Amino acid sequence: LSVTASNTGSEVYSRSYYYSGGSIDSDNFYDSKTGKYNLSSGVTYTFTLKPYAYTYDENDNSVKTYGTAVSVRWTAPTVPAIQGLAVKEMTSSGFVFSRSAVQEGVSVRYEYSANKAFDEKIADVYTDSDDVISYGNMKPGVTYYVRAYAYWYGMQGAYSNVVQVKAPVAEVTSITTEIFDKGITLNLSANNGSYTGFQIDRKEGKGKYQNLTTTIDSRFKDTGLAKSTKYTYRVRAYFYNADTKKYAYGDYSYKTVETGTAAMNMKARTSGKSAIKLTWKKVSSAAGYDIYR
């Protein structure tokens, strides 16, 4: 069995032994003139079968004898092109894309890269088979180029238009605090994107924000504060790109807390035969109270 392609005349596939009812894997097709594997849309392929048999001479030596070759031609169907590629929305995990519809059985694949020529020698080219591309392989602050194509029976359709996206820096999703008389400890966490660390600013009362620190730690102790005073913190995650030596920042999250007092004036009194009722001075902005006995 041999297979030749009409566009180049190359033999793209051959098999020494082929039995009736056998199958051909088009993934094994290779055109040496184009350097491409698999089928090519719109190309006509000629499949040629040449039967043979072994006979033996008087010395019992085998002789391979060929019969008449039989050929059949088949044209690979045209794979539809993806049109109207656009970013539909950004979710907490990635970009959602809209595009033209494809018929049943046709899958859609996405390619994206920081290199607009999609040259793997310059920058990685990632492939995804879903209409959602996660932020996982993307560096915040970097422009990525995205294109899509239809894939059908091992054949690739024409590329769509190219769209540009930028992955966000992770969002600060939690700021919890530990409050002391003259200090506040912040515990931070971020999700939905990449980040290197946190930028932390603080203001007292209605004053102006001042930068406290930029840190890669998720726990920060702010000491030397005044007692019974309200402080507001704004925190945002940042990403440092070691390749470009540039910073990218996420959105701010806010937390207002008040330092504690030396005494909360807790009182205890009996309440019935088997209970004690506790009362204390309320601390504004406290999320709750831990009680030990």
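1. A residue counts as exposed when its relative accessible area is over 50%, and as buried when that area is under 20%. By that cut-off K245 is exposed, because its relative accessible area is 61%. The model under review is predicted.

2. K245 also deserves a look for its backbone. Its phi is near 60°, a positive value in a residue other than glycine. K245 sits in a loop, with β22 (230-241) on one side and β23 (246-249) on the other.

3. N38 has a positive phi as well, near 75°, and is likewise not a glycine. The loop between β4 (36-37) and β5 holds N38. Is N38 buried or exposed? N38 is buried, because its relative accessible area of 14% falls under the 20% limit.

4. On secondary structure, the protein chain has 26 strands and zero helices. The chain is more spread out than a compact globule, because its radius of gyration is 34 Å, well over the 19 Å that the globule rule gives for 293 residues.

5. The box dimensions give the overall extent. Along the principal axes, the C-alpha atoms of the protein chain fill a box of roughly 120 × 50 × 40 Å.

6. How much of the protein chain is buried? Buried residues account for 33% of the 293 residues. The accessible surface of the chain is about 18500 Å². Carbon and sulfur atoms contribute 47% of that surface.

7. Contacts in the protein chain can be sorted by sequence separation. Take those between residues at least 6 apart in sequence: 52% of them join residues at least 24 apart.

8. Next, the second largest pocket. It contains about 350 Å³ of space. Its lining has 16 residues, and the closest to the pocket centre are L1, R15, S16, K50 and Y52. Which elements give two or more residues to this lining? They are β2 (11-14), β5 (44-49) and β7 (62-66).

9. Eight of its residues are nonpolar, four are polar and four are charged. Of the residues closest to the centre, R15 and K50 belong to the charged class, because Arg and Lys count as charged.

Terms used
Residues numbered from 1 in each chain as written. Predicted model: local features only at pLDDT ≥ 70, side-chain atom pairs only at ≥ 80, totals over all residues. Heavy atoms only, no water. 1 Å grid on protein atoms, 1.4 Å probe; cavity = no way out; pocket = protein on both sides within 12 Å on 5 of 7 lines; lining within 4 Å. Points joined across faces, edges and corners; volume = space filled by probe spheres on them. Helix = DSSP H or I, 4+ residues; strand = E, 2+ residues; numbered from the N terminus. Rg over C-alpha atoms; globule rule 2.2 N^0.38 Å. Buried < 20%, exposed > 50% of the residue type's maximum accessible area, 1.4 Å probe, protein only. Contact = heavy atoms within 4.5 Å. Areas by Shrake-Rupley, 256 points an atom, 1.4 Å probe, with all protein chains shown as cover.
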